[in-house]
Structure formats: C-alpha cells, structure tokens
Amino acid sequence: MHKSIILSLALVFFSFSFGQKTTKQETYYLYFKTWNFIKYYHPDLASGRIDADSLFLTYLSGVEQIANKESFNKLIDQILNRLYESHSESRPTKENADVISKNLDFNWFEKNAFFDTKNKERLSAVFKNRYTGDDHYYIPEENYIALLPHEKEYDFSKGETVPVDYRMLALAKIQGAVDYLYPHKYLMEQNFDQLLKSQIVPMLESKNRKEYELILLKLAASLQDSHSFKFYKQLREKKEIFKNKTYPPFAYQVFEDGILITDSIIPDLCQSADIRVGDYIISINGQTVSDKITELSFLLSTSNRQTLLYHLSNYIENLIWSSDSKQFSFEILRNKKKEFKTISFLGSGDPNLKKLNTYLGMINREKVESDSLIILNREIAYFNIHETFRFIQNVADEKIDQQMDSILNLARSKKGIIFDMRGYPDWGGFVPMFVTKSFAQTLTPYAKYYQVNKLKVGTYVHKTAPDVYYNPQLKLNGSAVYGGKVVIIVNPATQSMSEWNTMNLQHIFPNSVTIGEQSAGADGDLKTMNLPGPYELDFTGNAIFYPDGTEAQKRGVKIDVPVKLTKENYSKNQDLMLLKAIELIEK
C-alpha cells in the first residue's frame, strides 16, 4: 500500500475519532462516573480540600455543550487541571487478603474509545495515587455510623420543582453510592448503569416534584435492599404516586397471587358489597394482584419477594390499593368459583374512620410492661426481641447484671426456650451481652463482616477484630451447655440487627432450630445518603456472610424448618409459627 494511502486512512480515522458524536445520555453518564471516581479517589476531594458538589455544579453546564469526543475530553481535561497532580499522602502498605472486589470495574474509561489516551492515563494515575487515609471526607470515620458525612441536604420548598442542576446532582450521588459504597451492587438484578442511563433524559425533562420523585423511587427500588424500603415515606407526592388515599373496610393478607380478606372492619360496608372473610381477591380494577405486586416491586425496595409481600400486607402502609376513586372492582375466588364485586373504600371525612381507628387500636397488641419472664405451657421460656428492654427499664444500673442473671437462669431451668425474632430489637444489649454471657461456650465469630475498604474504596474488607462481633469487656459465665431445646422464629420483620442477633443465637445454640419465613435479607449497618430535595436514601453499607461463606443479603438468615403462611393455613386468631415452635419443643 502506498504511503499516501496509509496517511489518508490515518487522517480519516483521526478525524472520525475526534469528531465522534455522542448522545446526551452518554455524556452525562460519563460525567457522573468521572466525577464520582475523582470524588472517592483524588486526594483533593477525598481529603475535603475541594468540595465535590461545588466541582460537579461548576462544570455541569459544560456537559450540555458536548457534541463529540474532542469536546468531551476537553471538559475532562479542564476538570483534572483544576486539581493538583494526584499523589498519595498515605500509601497502602499491605492490603487484607480477604477483600470483596466484585463491584470494582473501570471499563467505563479504560476500555472506552470516547476517552482519549491522555485522559485515560490521568485517571489511571488518580487511582494509582489515590487517597488512602482513614479520615476520608465522604466516608464515616466509624463503620457503624449511618449518615455519610459532608453530603449536603439542599432543601427546596414543598411546591418548588427541584432545579435541573440539583436533579442531576441527585443522579450522580446515587451512582456514586452504588459504585463505591453499596457492597451488594453485584447482586442487583437490573444493570444499574443501564438503568441510570435510561433515567438521565427523563430527569433533565422532569417538570415537577412528582416526576423527580418517581425517578428516585425507581433507582432506590433497583437496589433490592430492604434497608431502602422506607424511602417512599418521605416523598412529598407519595399519595399522588401510589394513589392510595382511601382505605379498605376490611383487613387482609397479601399473597403472591391474591389477597385474602381476614376480617371485616366496617361490617355494614362489607355486607352491602357482599364481601366476606375468606374471599380471595385475584384482581383489582381489572389488574391481577400478581401484576400489581410486580408493578410495585419497581417502586419499593426490598431484598426479596417475601419481604415485599410482608410490607404490602401492612394495613397502615396501604400500598397494595391504588385508584383515583373510592370505588374498587374486585374479581374474587369464593368456594373455588369466580365472582365480581364492587365496594367503596373509606376516604377523608368518612364517618366510618372513627370505627376504623377503634379497630386498629384493638388489634395493635399492647407491649408487655412486666419485667418478668414469660413462660408458655409452664415449661417454655419465651423472649420477644422487641420486648426485652422491659426487663431492665425500672432497674438501677448497678442491679442490671443481677436482674438479667436471674431471668436467664430461670430460662435455663426450662425444657425449652423460644427466641421470637420477628421484629427489631428494642434493647441492643440483650442478645450480644446477656444471652451470650449466660449461654455461649466460646467467643468465636458467628459471621463474616465486611466494611468499606478505605485503601481501595469500592471494595470491602473482612474485619476479623473480635470487637466487631463481641463487646471487648464481655466475660462468659462459664455455664454448662444448655440441655433444653431452642427454637428461633423469624420472618420478614427480622431485619438488620435482628438478623445479626439471630446469627449470633444460631452460633450460641448450635443445636437450635430456626423456623419461619424468609427474613428481610438486609443484615449489616445502615448508610444514609442525603439527596437534593431534601431526601435520605438508606442502604446496607457493609456485607454480612455466615462463616461458611453463605451470603446473608437478599437470602436472609438460614432457616431449618420453613413455616409458610398460605391462604389455607392463615388465621388471624392463631400464631402458626409460635404454635410450631411450641410443638417442636414439646414433642
């Protein structure tokens, strides 16, 4: 081939490369990725010398002007020129060998032809010389601290549309949280980068607070993290989004393919509509219940389907019902036959709301006030995890040890112990301190705890220090192995600290039997990211595994005997799981 032809082809390629066009979606996405990379790695930002948000907002207007590869690299070059040449102030010496690094992926710039060679090299240098100090400006000093530091709130009035620059900042912040602080990105069913890209143009064109919140909801739901479930509660337009302004005149339980009516709250309304206890609703206003649940799964974040059904069954949260009208049309199964019913729900100003409040007050069981141990069937000690603080509530500090020794010794004298973990611990010291001290034989780790690795943010390091698992002041009583039976009850209300305590109980009592339904699958410390609005995005900030390597996130705690509530065995008057626990001990 002639030299002139080779030269001509090279010029054509050079011209194409630098004139390569891009989309608005792609340029914003790469801007977000670059900014987060710098935020968490560059010493200027990671040390707090330069405010990351200010840097983002300063150069954001330039993204809109990007038309091709050349203009894109010019912007990235300007940003990097603003910073000092990266040099580490505390280089790592030796990393822990047990590190989760599945989420770390730099192909977005390393193998992306849109970045020129110079900027690829400069970004690689940032990572090579990244900040590795313990005092990272955007990561909590201690792993158990929830609020991510220095993430501003940016409050906008209720009726105000969040300005476009801050809407894009919200997207970028969520991208960074998922890439660098969420250890379970690799478990997400949706490709998060593709999902975020798909929301860039809608976010740019968002006209009001409702559209903005819908996008945030979808991104939070994609985490599939039960810690993120409550994100919807802070939305200012949640009633407009979920269209759940009215309440049914009956109680219910949601299953995968239908809704079981379990009680009549306003009998007159139910009777006039011929709605009966035991009816099984299979479609609502023409939409199957199964499809409705799937639709809500893209707006509500839960680690597994069972936890979603649990929340949808919550009458107060009222999320399964959606309509612009008080009138609902149902397709129901009654005696294996399909029937169609229409019923009116309770709305604002309805005179029946007083009856509804009375009913809800009656079914919400009052907490036990006594400081005595509950004994079932004379021979079974029963502990409810969200009713343990009562043991010491009125006890002087110097007598707490004596009080708990007395209670736990009484439990030890019984033929069986039930630990009901269906709730959140109301006292953090019950299992880790007193149950452990009274019954544990050794203080060996019952889990593998991974926290963000400050030597390489975006990876997670196994913490082997004993104080992660046990209070360093804890001393065992030296008691003999408990000879009775132990049953642990779990369900989707078993979440986070309750799951952590359950793993501890399973370790303390290796012959125990864990029964129930899948737990929430969100073990580990919570992290909270402030987003413009303001909003708070919660997510699981560290990874928990069983010692054998079994993942706790999404899966939940290990269960020996599944006890699944079905429409056939559900009863509002009987606790099926507690009855099963008693049966296992007494047989």
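**Exercise 1. State what covers the buried residues of helix 14.**

Start with the cover: it includes strand 2 (250-255) and helix 13 (289-297). Contact here means heavy atoms within 4.5 Å. Helices (H or I, at least four residues) and strands (E, at least two) are DSSP runs, numbered from the N terminus. The model is predicted: local features need pLDDT of at least 70, side-chain atom pairs count only at pLDDT 80 or more, and totals for chains, interfaces and linings use all residues. Residues are numbered from 1 along each chain as its sequence is written, and side-chain values use heavy atoms, with hydrogens and water left out.

Next, count. Six of the eight residues of helix 14 (residues 305-312) are buried, that is, under 20% relative accessible area (1.4 Å probe, protein chains only).

Last, name them: Gln306, Thr307, Leu308, Leu309, His311 and Leu312.

**Exercise 2. Find the lining of the largest cavity and sort its residues by class.**

Define the term. On a 1 Å grid over the protein atoms alone, a cavity is a set of points where a 1.4 Å probe fits but cannot get out; lining residues have an atom within 4 Å of a point.

List the lining: Tyr31, Thr34, Trp35, Ile38, Leu55, Phe56, Tyr59 and Ile79. Helix 2 (24-41) and helix 4 (52-64) each give two or more residues. Helix 2 gives the most, with four.

Sort by class: seven nonpolar, one polar and no charged. Ala, Val, Leu, Ile, Met, Phe, Trp, Tyr, Cys and Pro count as nonpolar, Asp, Glu, Lys and Arg as charged, and the others, Gly among them, as polar.

How values were computed:
Buried < 20%, exposed > 50% of the residue type's maximum accessible area, 1.4 Å probe, protein only. 1 Å grid on protein atoms, 1.4 Å probe; cavity = no way out; pocket = protein on both sides within 12 Å on 5 of 7 lines; lining within 4 Å.
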